[in-house]
Amino acid sequence: MTLTKTLMATTVLTFAATSVFADGHKADSMTAVSWGGAYQKSQQRAYTEPYAAANDGLEVIWDESSAEAVAKLRAMNEAGNVTWDIVDVVAADAIRLCDEGLAMEIDADEVLAAAPDGTSASDDFGDLLVSDCFIPQIVYSTTMGYRTDLVPAGAEAPNDICDVFDLATYPGKRALEKRPINNMEWALLCDGVAKSDVYDVLATEDGQEQALAKLDTIKDSVVWWSAGADTPQLLADGEIFMGSTYNGRLFSVIEEQKQPVAIMWDAQVFDLDGWIIPTGLPEDRLARVMDFVKFATDTQRLADQAKYISYGPARASSAPLVGKHADLGIEMAPHMPTDPANAQNTFLYNYEFWADYRDDIDAKFQAWLAK
Amino acid sequence: MSDASTSNGPVLAADGTPLKRSLARSLRMQKTRALLLIAPLLVFVLITFIAPIADMLFRSVENQIVSDTLPETTIALRGWDPKGEDLPDEAVFEALFNDMQLATERKRHTSLGTRLNYEQVGISSLFRQSGRKIKDIGEVWQDQFEDLDAFWKKGENWAELLGTESWVASAKDWKKADGAQPRFQARADVAAALPQTLAAYQDFADFTQLEDNKALYKEDPWGKVYVALHADLNASADVSALTGPGADVLKAAAIAAPGFETVSYRDAFIDIHDGWAKLDNWRAIQTYAASYTPGYFLNAVDMQIGPDGAEARPENQQIYIRLFGRTLYMSLVITFACIALGYPVAWLLANLPMRTANLLMILVLLPFWTSLLVRTSAWKVMLQQQGVINDVLVWLGMVAEDGRLVMINNQTGTIIAMTHILLPFMILPMYSVMQTIPPTYLRAAKSLGATNWTAFWRVYFPQTIPGIGAGSILVFILAIGYYITPAIVGGTTGVFISDRIAYHISSSLNWGLGAALGAILLVVVLILYWAYDRIVGIDNVKLGG
């Protein structure tokens with residue numbers, strides 16, 4: 001009996017204490033969700049470690065669930081118990097979460113820090129604020145890597161996206177992602193469609209057939225990947241001649257593992273990765289995460305992340321601050337997908353188009369694959 | 001017996017009650033006790049197993065989102081002929097405006113767009129973009145009122161015009177910290193004069209006070225309220241008798257209202273997004289307006305709801321039947337491979353001397369204790385074209401350098417890796433059954449003149465069938481739902497239906513379709529189990545002893 005009373009008393013006290021502190025009090029711990037691996041490491045070194053150092057006693061818990069973030073967040077929301085405070089997702093997922101009402105809408109100028117020269121956050125991020133809920137961090141690209149030692153004698157190193165479809169000059173297997181996005185665009189581009197017309201053509205049944213027919217010409221030589229680590233492994237083992245993957249993965253194969261691999265930047269597809277804040281956080285946790293996100297996406301912090309991984313900072317004002325790799329000591333700017341030399345011919349992931357057509361084209365793509 | 005036949009009454013227990021009843025009671029008590037003992041398990045299974053499965057089955061037909069988000073539109077749309085060439089009439093578009101107004105405030109319109117986009121390409125952006133611009137339609141009316149008098153710009157003025165004095169007094173200084181907000185109360189005379197306006201404002205008030213929890217007094221009303229006011233005034237509402245705050249402004253508006261410019265909702269919506277002029281979009285909304293739909297199940301068997309009921313999907317989108325067939329076929333192949341490989345091992349385990357058998361047992365169990373992912377990745381290293389097996393074969397000269405075998409990213413890879421991974425599930429039940437077969441039976445058979453083969457086939461093998469049955473059921477049911485191994489080594493021809501289920505659950509968020517695929521898989525397993533019971537008999541399955 002006494003135990004129950006004590007318990008009840010403590011509970012009441014705890015509730016009272018929470019409500020007293022709710023005004024402006026920031027939570028002592030924060031659960032961040034990211035992708036794991038080198039990317040999460042770069043976020044820890046550039047963002048959370050300095051932030052924890054500045055905020056004594058803050059505990060940051062990491063959850064490597066970004067790949068399933070959309071489904072998990074929806075499940076948490078349905079169960080009424082969202083345990084995540086900030087989630088790193090690709091822009092397409094951020095749009096989806098925003099549509100589902102699972103991510104909080106953000107007023108960039110109110111929530112995020114302005115650039116050192118006073119440019120407002122919304123101008124500094126510019127077009128990269130692709131959704132009302134999305135706080136961009138990095139620009140990464142999906143591009144081709146190839147084995148330099150397997151380039152046939154007498155042939156030039158591949159420098160055109162259409163070399164992927166040229167089995168005569170460049171025999172050997174290719175690795176492509178097991179989804180229509182990017183592959184369909186590349187196929188049309190190499191089937192004579194002008195870059196500006198790609199999405200108009202892809203919106204039609206005939207255009208989709210055309211893209212699949214082009215992919216059909218190399219289907220027997222393609223290994224389809226679904227995890228970002230696949231292509232680097234296949235390249236390192238010499239299983240494939242060339243394959244698409246994220247540029248940061250290729251950087252680590254080339255510069256850290258010293259494999260005979262090079263990047264072909266032609267027709268690389270830019271995509272964005274950034275934070276979203278789940279809806280329905282209690283006030284103390286919301287206060288904490290708002291404070292963190294302001295810190296972690298300022299000009300200096302975004303530039304810092306590029307010391308650890310070769311992804312371009314999302315703020316225009318961060319670009320000039322990109323320096324050398326923290327461990328390897330090499331200049332990072334030439335390895336950025338946004339570097340002018342690399343960005344001569346680029347695509348930007350068409351979010352609006354794929355939000356509409358993704359399910360439909362994916363059904364056709366998967367049916368084609370299974371044939 | 002003889003006692004019972006001599007006395008005519010029922011047999012009595014020691015305490016005088018009839019024996020039958022007393023027995024029944026003690027039996028009942030025993031049963032209750034047993035039930036209480038397993039109650040925790042029962043509750044656990046119910047909560048963690050039965051309930052989620054029921055929930056999943058429910059999701060595969062549930063479709064309330066359309067009628068919840070667009071209640072007026074779905075009702076107004078009932079009279080529209082989807083086979084005709086005409087767009088829905090103005091009343092439907094007006095209902096759509098009313099629904100969208102509320103849905104946009106609730107941020108529900110985009111998830112509805114995502115839902116309908118599974119059925120009709122382009123609806124996702126139709127709803128997203130329309131939600132952004134829905135204000136434009138109401139502003140046609142709103143701007144004219146505001147141009148007439150700045151009075152109409154402020155939420156406070158609206159509240160004082162429409163609310164009772166006592167409500168205004170209590171709502172004026174309400175803050176969130178004060179607790180529950182005083183609910184809106186309408187002035188009776190205004191309500192009588194402006195019925196539509198009040199109805200629209202009441203909707204707005206309910207949303208603001210109950211869902212948004214903002215101070216109603218200060219909130220500017222939605223466009224719909226302005227539209228309703230215009231409609232009231234145009235319907236020659238009698239405002240001449242009204243007094244109180246804003247009465248004069250209202251009277252001025254009543255005079256100006258007939259001269260207001262109006263737009264057709266249909267034109268306004270088509271102006272916002274041309275998707276509203278597409279018949280297919282309207283057909284999709286009408287087709288999926290019902291609260292429950294067979295659409296997900298039809299989709300899961302490569303069909304769809306057409307204008308004349310269920311029809312096959314276009315051939316270039318058919319995939320699920322093929323995958324179901326492949327899943328069943330490959331699971332069978334894997335099961336037979338496991339029997340073929342596991343039988344001799346189980347026999348050795350059961351017949352070797354204890355020490356050697358133990359060592360062998362550890363070898364069987366060792367892979368069992370390693371992470372599934374590690375084992376699968378190891379197979380990748382073994383099987384790939386530049387992998388261990390191919391290297392050895394090339395070194396031995398058995399295959400040429402340019403003729404390396406393709407053993408991964410196809411069905412071969414999936415069958416090899418999954419057979420290895422599921423082998424212990426076959427060996428262990430077979431082993432435990434074989435252990436109980438006395439070796440004397442074989443010796444007896446041979447001493448009666450049977451050859452080795454006859455002794456095995458006629459005497460030993462029939463006794464091991466329960467073990468094979470148990471192992472086969474285990475392996476087959478595990479295989480049919482396997483995900484990670486086929487995904488890693490299966491390429492495109494070796495993936496199972498689980499691959500699509502995972503895609504719809506975690507990537508496309510089409511949980512209804514994922515649930516329908518899962519439900520079909522469940523039913524297939526149950527049917528196979530039933531068939532197995534009819535053919536072999538489930539009593540013939542032994543996991544040991």
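Me: In this predicted model, why is the meeting of the side chains of A:D85 and A:R285 called a salt bridge?

Reply: The nitrogen-to-oxygen distance in this pair is 2.6 Å. A salt bridge requires a side-chain nitrogen of Lys or Arg within 4 Å of a carboxyl oxygen of Asp or Glu, so the pair qualifies.

Me: What makes this pair a link between distant parts of the chain?

Reply: A:D85 belongs to the loop between α3 and β3 (86-90) of chain A, whereas A:R285 belongs to helix α12 (residues 283-296) of chain A. The two residues are 200 residues apart.

Me: Are A:D85 and A:R285 buried or exposed?

Reply: A residue is called buried when its relative accessible area is under 20%. A:D85 has 3%, so A:D85 is buried. A:R285 has 19%, which is also under 20%, and therefore A:R285 counts as buried.

Me: What is the distance between the closest N and O atoms of A:R147 and A:D149, and how does one know which of these residues is buried?

Reply: The closest N and O atoms are 2.9 Å apart, and the pair forms a salt bridge. A:R147 has a relative accessible area of 9% and is therefore buried. A:D149 has 45%, a value between the limits of 20% and 50%, so A:D149 is partly exposed.

Me: Why does the pair of A:D304 and A:K307 count as a salt bridge?

Reply: The closest N and O atoms of A:D304 and A:K307 are 3.7 Å apart. The limit is 4 Å, so the pair meets the rule. A:D304 counts as buried because its relative accessibility is 13%. A:K307, at 32%, is partly exposed.

Me: What joins A:E78, B:D55 and B:R59 into one network?

Reply: These three residues are joined by salt bridges that share partners. One of the pairs is A:E78 with B:R59, whose side chains meet at 2.4 Å, N to O. Over all chains, the structure holds 30 salt bridges.

Me: How many salt bridges and residue pairs in polar contact does the rule find across the interface of chain A and chain B?

Reply: The rule finds 5 salt bridges across this interface. It also finds 22 residue pairs in polar contact, with both residues at pLDDT 80 or more.

Me: Why is strand β4 (residues 135-147) of chain A called mostly covered?

Reply: Of the 13 residues in β4(A), 13 are buried.

Me: How does one know which strands pair with β4(A)?

Reply: Two strands pair if at least two bridges are found between them. β4(A) and strand β8 (residues 261-276) of chain A are antiparallel over 11 bridges, and 5 bridges join β4(A) to strand β7 (residues 242-246) of chain A, also antiparallel. A:Y146 stands opposite A:A262 in β8(A), and its bridge partner in β7(A) is A:M242.

Me: What makes B:E62 partly exposed?

Reply: The relative accessible area of B:E62 is 26%, a value between 20% and 50%, so the residue is partly exposed. B:E62 lies in the loop between α2 (19-59) and α3 (64-69) of chain B. B:E62 touches B:S291, B:Y292 and B:Y296, not counting residues up to four places away in sequence.

How values were computed. Residues are numbered from 1 along each chain as its sequence is written. Chains are lettered from A and ligands numbered from 1 in the order in which they are written. This is a predicted model: local features need pLDDT of at least 70, side-chain atom pairs count only at pLDDT 80 or more; totals for chains, interfaces and linings use all residues. Side-chain values use heavy atoms; hydrogens and water are left out. Buried means under 20% relative accessible area, exposed over 50%, partly exposed in between (1.4 Å probe, protein chains only). Helices (H or I, at least four residues) and strands (E, at least two) are DSSP runs, numbered from the N terminus. A polar contact is a pair of N or O atoms within 3.5 Å; within protein, one must be able to donate a hydrogen and the other to accept it, and residues adjacent in sequence count only if both atoms are side-chain atoms. Contact means heavy atoms within 4.5 Å.
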